[in-house]
Each structure stands twice: as C-alpha cells, then as structure tokens.
Amino acid sequence: MSVRRVMGTEIEYGIAVPGHPNVNAMVLSSQVVTAYALESRAPVGARWDYEEEHPLRDARGFDLDRAAVDPAALTDEDPALANVILTNGARLYVDHAHPEFSTPEVMRPIDAVLWDKAGERIMARAAARASSMPGAQPINIYKNNTDNKGASYGSHENYLLSRATPFEDVVAGIIPFFVTRQVFCGAGRVGIGQDGRGSGFQLSQRADFIEAEVGLETTLKRPLVNTRDEPHADPAEYRRFHVIVGDANLSELATLLKIGTTSLVLAMIEAGWALDHLRVVDPVTEVRAVSHDPTLGHRLRLLDGRRLTAVELQQEYLEASRKFVADTYGAEVDPDTEDILVRWEDVLRRLADRPEDLAGELDWVAKLQLLEGYRRRDGLDWDHPTLALVDLQYSDVRVDKGLYHRLVAAGRMRTLLADSAVERAMTVPPEDTRAWFRGECLRRYADSIRAASWDSVVFELKGRTSLTRVPTLDPFRGTRLHVEQLLDDCATAEDLVAALEG
Amino acid sequence: MSERETAHKTTRPEPTQDEDVDVAVASASTEQLDADVDAILDEIDDVLETNAAEFVQGFVQKGGQ
C-alpha cells in the first residue's frame, strides 16, 4: 500500500453568462455537455446507468429514508439532464445546476492530475462550442467553489479503501489532515464568511462552508468527513472514500500533492498506524481558523495539549508517512510514492520558511501575489471589486482569459504535464483500471452501447430484444493488459458479448 | 569605529558596513520583485473583464455538492 490505489476526482464547475445572472444554470449546463457530446461524437444515446447508485447509504451502517432528505441528496434521479460517457472513460454531466466532470478511475496520483486537467480542457472546449452555436450567448466556466454570495459547489476526490478498515479509524486519522492540507492545496479566496462579506483573503474556498465533522450531507451542513457509502464495487471488499472538503485546483503540483498525500495517509490508516497524537480539538473551528490566517501563523490546539501550526501538523503527517513507507517498503518503495514524499517535504519546508517563494507552484500563493500586487500598485482595499474579479478570473478555464493560464503562458507558473499528454487524455482512458474497458468499448462499439456507469456497460445488440448489461464490478479488471486482446478479437459488440458469455 | 565600540557597551550589535549593504540589497530586491509582479499585472490588465463591480455582482451560482 502506497500512494497507488483506485481513485479519481469529480469537479462541479461554476457556469455563467456575463451580464445575465438569472440564466437557468441547469439548462445552460446541459447545453455545454450536449455541445461536447455532439462534437466528440460521444453517443448521446449512451446514457448513465443509474441502477447501482445508492447515494443515501451511510458508511456508519444505515440507509436514510428517501422521503426525509433534501431532494438535492437524491443524486440517482435525473435522467432528463445531459449525461455522457466519453472514450477516455470519464463522465461529463449536469449535477445540481453545474456541469460536472468525473475522471476515469486511475491508480497513480499523476494520472489523477492528468485526467483532471483533461476534464478542464474538455469543459473549456464544451463551453466554447456551446457559445458558438447559432443564437447562443457567451458561456463562461470557472474551476472554483463559490460565488461569494453564499453558494458553494464541490471538487470531490474518491479513494478506494479496504472495507476491513474500521470507518472510525479513517475519521480519526484523516480529520486533522483535512484541516491542515489547505496550506498547500488551498486555492485562495477573497472574502470571509459564506457570503464573502468579510474583508480579506483566506487560504481555502471551501473552509467557511464546512459545518460538521462527520455526515452524509453534501449540499448543506457539509462535513469534514463524508460518509456516503456507494462503492461502485463489491461492498464486501471495498469502500469508496468520498471526500468533499477540497478546493478546485488549477496548479498541477497542488492537485498532485492533494491526491498523493491523502492517498498515502489513507494507506497508513489502512495499515493501522497510530495517528491519535495528531487529533485536534474542535476541527470545524480549526479548519476555518487555518484558512483565515494566510501568514500560516495560527496554532491549532491538539487533544494532547500541544499547539502546532498547520504546517507543523502536516510535517508530523509527513514524518509518520516516511516512517511508514520505510517500514513497509524499505528500498522497494515505488517511484510514485517516493516522488510524493520528496515533493511534500520540499513544499512544507518552503512554506515554513518563505511561502511567497511558492508563487510559481501553489494556487493560493500565486493568487495572493497577484492580489497584493494590485493592492500595492492601485492602492486597493480588500473589498475592492477588482480583487474579487482577480479571484474569480483566476479560475476561468479559457487559456486566453483565465489568470492561471496567463501565468503559465508567461512562464510564471510551473506545470508537470506535457500539453500533448493532456490532449491525449481527453480521448484515451487510463490503462490500469476498468476505465480502459469502458472507454475502449465506447470507442470501438459506439453504436451498440446504450448506457454505461462505473460498474457496467449496457449493450443494445442485434437479435436481442432486451438490453445486455455487462457488469464491471471490479475496478482492477478490464485493464488494457487483461482485455486488449479480447477487444481486438471482437469486431462487433455481438462478438464481444458472446465471448464474455461463452 | 573604535570610538563607537567604547561608547556603546551593550550587547546590541553595532551597525556595520556589511549590514548597511544588506539593507540596500534588500530594498533593491523588493523593488525588483515589485517590478516583476507589475509586469504580469500589466499583462493581466489586458485580459481582465471590464467593469469589475458589475461582473462580480453578476456571478451568481446555485449551490452544489
């Protein structure tokens, strides 16, 4: 166990027509998704297969009564909205009035960054396409998490865990980590409080919207640890840990560290490593306190009486991780894990020393540098609208308008991925999970696919009146290694299903 | 130099020529940093949406997950 596990991200994007705040966001989002589906010739007929979705199952061991919940929690019920699967195994769809992109399942943190970045590009292309349709208005897309008027939308991460790990251990071990990881993966935000009316800058876009420690909700009373129990895999073996507290990151290093460090800490928890000494008093208050101090000086109160800064607490996680990896792998540590440890250590050291030096690598630092620049040059207070605009436009997904992208173009922001790799990931799936089977089926047998989901591909075959559902319950099966030969041997979907049934 | 050393018998370090140079270098690099940031601000001015107040006020989202 290391940083490698089945994982992925699902990002809700902000969407707007400039000058038209009352536009119907659900309709707009559908237009964006449909425009991309048409352009990429993704079979618009290939819908999402909702049969195995259980959004109300709680990891603490019970199911919520459907009638008792906020309708927004019923995420298995919107067949009317645009919803497509792409040949890279990803899902592009509309969720709660936002266009959303879920990456295909990956095994390596760098692949999570790659397909997440591909999703950004897909969103940009989709919006450009929708905007260029006859009679259409310009549609802007933002990879951020709030409108600074009280609304927040999520950038979620998913990590496959062993079901054998007691959930209470996950909760206890991960909470202090979630409270403090924003020092490197916070995206930065102008405005304090849910409605952004407080003046100032904070590290995280999501911190003010976290209101509980543990819970099932995702749209209100958002918890640090979400208990949704929908593994899309054998529930006896696996749990899908659904993380909702993260910010949307444009920085590739921030995304890499966010995913890689979280995966590593989960590996420690799964192995039963003691992290009790890192527990904090009142994590919900602390996650906001950490966010509200961009000087990184705030000291959290730990249960054992110590008071550490967020960076120091992260350094304790890093130390524990180093020991865990050395103990478990010794010299046999895989390069992905070693890479995460090296980068994590480097970033924490620099955050402790001179955070401003990270302006070329971390979103909140890059954003803050621009903001402080405008404040100094133009004499602006924190409540000046130009600063709110810089915050918002930082995350505009257009390469010619988004400020993150302008920083990259100017050579001021470092990237990890080759352009050609991102372009490729828009249509090609990861090779090491069931996403490969899903994406390749879609590419090879597009006309025969009626629906797909994380754990199934549904075929409409000649000579059969009912649809044929091929389950893909095991996220590790359906890799290129396992099934390429089979797919190469089957020219048609009929051949494939016959081979699978035979 | 020796006069100062006799007159100020405290533990506080005397300003030396080296420190004067350090302070001078520090201001120069702050200026450099500012000029450096100003350069990117100029570029960003060109792409920033016009009428910030209206644009930001007009950005309204529905809550998501």
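**Note on the A–B contact, pockets and cavities**

1. The contact between the two chains draws 48 residues from chain A and 26 residues from chain B. The model under discussion is predicted, and the values in this note should be read as computed from that model.

2. The size of an interface is often given as the accessible area lost when the parts come together. Here, the area buried between chain A and chain B is about 3200 Å². Carbon and sulfur atoms give 59% of that buried area.

3. Charged pairing contributes to the contact as well: 6 salt bridges are counted between chain A and chain B. One of the salt bridges joins Arg376(A) to Asp38(B), with the closest N and O atoms 3.1 Å apart. Polar contacts between chain A and chain B amount to 22 residue pairs, both residues being at pLDDT 80 or more.

4. Sorted by class, the side of chain A that touches chain B holds 18 nonpolar, 16 polar and 14 charged residues.

5. The largest pocket has a volume of about 670 Å³. Its lining consists of 25 residues, and those nearest the centre of the pocket come from both chains: Glu356(A), Ala359(A) and Gln369(A), together with Leu33(B) and Val37(B).

6. Two elements give two or more residues to the lining of the largest pocket, namely H9 of chain A and helix H2 (17–47) of chain B. Of these, H9(A) provides the largest share of the lining, 8 residues.

7. A search of the whole structure for cavities of 30 Å³ or more finds 6. The second largest cavity has a volume of about 120 Å³. It is lined by 14 residues, and the closest to its centre are Phe178(A), Gln182(A), Ser204(A), Val245(A) and Gly246(A). The lining of the second largest cavity comprises 7 nonpolar, 4 polar and 3 charged residues.

Methods: Residues are numbered from 1 along each chain as its sequence is written. Chains are lettered from A and ligands numbered from 1 in the order in which they are written. This is a predicted model: local features need pLDDT of at least 70, side-chain atom pairs count only at pLDDT 80 or more; totals for chains, interfaces and linings use all residues. Side-chain values use heavy atoms; hydrogens and water are left out. Contact means heavy atoms within 4.5 Å. Buried area is the accessible area (1.4 Å probe) that two parts lose on being put together, summed over both. A salt bridge is a side-chain nitrogen of Lys or Arg within 4 Å of a carboxyl oxygen of Asp or Glu. A polar contact is a pair of N or O atoms within 3.5 Å; within protein, one must be able to donate a hydrogen and the other to accept it, and residues adjacent in sequence count only if both atoms are side-chain atoms. Ala, Val, Leu, Ile, Met, Phe, Trp, Tyr, Cys and Pro count as nonpolar, Asp, Glu, Lys and Arg as charged, and the others, Gly among them, as polar. On a 1 Å grid over the protein atoms alone, a cavity is a set of points where a 1.4 Å probe fits but cannot get out, and a pocket is an open set with protein on both sides within 12 Å along at least five of seven lines; lining residues have an atom within 4 Å of a point. Grid points are joined across faces, edges and corners, and a volume is the space filled by probe spheres set on the points. Helices (H or I, at least four residues) and strands (E, at least two) are DSSP runs, numbered from the N terminus.
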